[in-house]
Amino acid sequence: MNHLARLFALLLLVAAGLSQARNLQPTDDPDASPVWQKVRASLFEGRSIAPAPADMLVLEAPSRAIDAAVVPIAIRSRWPQGAGRYISKLYLIIDANPSPISAIFQFAPESGRAEIETRVRVDAYSHVRAIAETSDGQLFGVTRFVKASGGCSAPAGSDAQAAAASLGQMRFRVEGDLKGRTPVLAQLMIDHPNHSGLAMDQYSRQFTPAHYVRKVDVTYDGKPVFSADVDFSISENPNFRFWFQPQGNGELRATVVDSRELRFVAAQALRDTPK
């Protein structure tokens, strides 16, 4: 089952539990969340999820969001990526969101580090979870509690005409020394309204149709860095910070597909020596 089909199936599964999720408190047992129980059964099919050791996986999120529509999230791993055992997937799950499975990130041995930073919408007080899956199929999880409300139904922050004019434009920012053999930090910025379909236009009083980025693929010199199946839980103008392993001169390339099957591509040639 692909991610989109799984998403719709899970929306049906969690509908009954969302009212309970909206009344969550920080002291509540994360494992007792009815939404999580349904998501876990469907997504992981009864597989064991061990608590992640602190030296393996860290989830950074504010305890109280300043803006529920733009909540910074970072999933950090201290495991090296390589030919041996490595982290192949990171799952980001926000229990109280209408679509709890916010993102599934896939990594390769060449990824440098299995880490990601982004910004998300949080619709109500919620447990936020990061689940790491290793290349040999083991699962490890960590949970944070975030106080936020209304992020998925918040109106767009940008002008609709300006957003349409820049739709799909992308930019890279690379921080680090390409001459070395250590992972380099990069950032991908995507111009896209990422409409959730749950926000009402303040002028027309109609709901703005859903239109959001759903697939991101990033490569360096033709080799995979990371890919992501995402949904409208990601904030307007999606932004991803990630690591990649330089191998001399190469091209950093991003391919993005949205929920209307529009496809956008951006590439940046990187050189480890001046021209």
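Valine 128 is found in strand β7, which covers residues 126–134; strands (E, at least two residues) are DSSP runs numbered from the N terminus. The model is predicted: local features need pLDDT of at least 70 and side-chain atom pairs count only at pLDDT 80 or more, while totals for chains, interfaces and linings use all residues. Residues are numbered from 1 along each chain as its sequence is written, and side-chain values use heavy atoms, with hydrogens and water left out.

With a relative accessible area of 1%, valine 128 is buried (buried means under 20% relative accessible area, exposed over 50%, partly exposed in between, with a 1.4 Å probe and protein chains only). Beyond its neighbours within four places in sequence, valine 128 is in contact with several residues, including Leu59, Ile73, Leu92 and Val146; contact means heavy atoms within 4.5 Å.

Strand β7 also holds arginine 129, whose side chain meets that of aspartate 95 in a salt bridge (2.7 Å, N to O). A salt bridge is a side-chain nitrogen of Lys or Arg within 4 Å of a carboxyl oxygen of Asp or Glu. Because aspartate 95 lies in the loop between β4 (87–94) and β5 (101–107), the pair ties together parts that are 34 residues apart in sequence. Aspartate 95 is buried at 0%, and arginine 129 is buried at 2%.

The whole structure contains twelve salt bridges. Another of them joins arginine 76 and glutamate 117 (3.2 Å, N to O). Arginine 76 is in strand β3 and glutamate 117 in strand β6, so this pair ties together parts 41 residues apart in sequence. Arginine 76 is partly exposed at 23%, as is glutamate 117 at 21%.

How values were computed:
Helix = DSSP H or I, 4+ residues; strand = E, 2+ residues; numbered from the N terminus.
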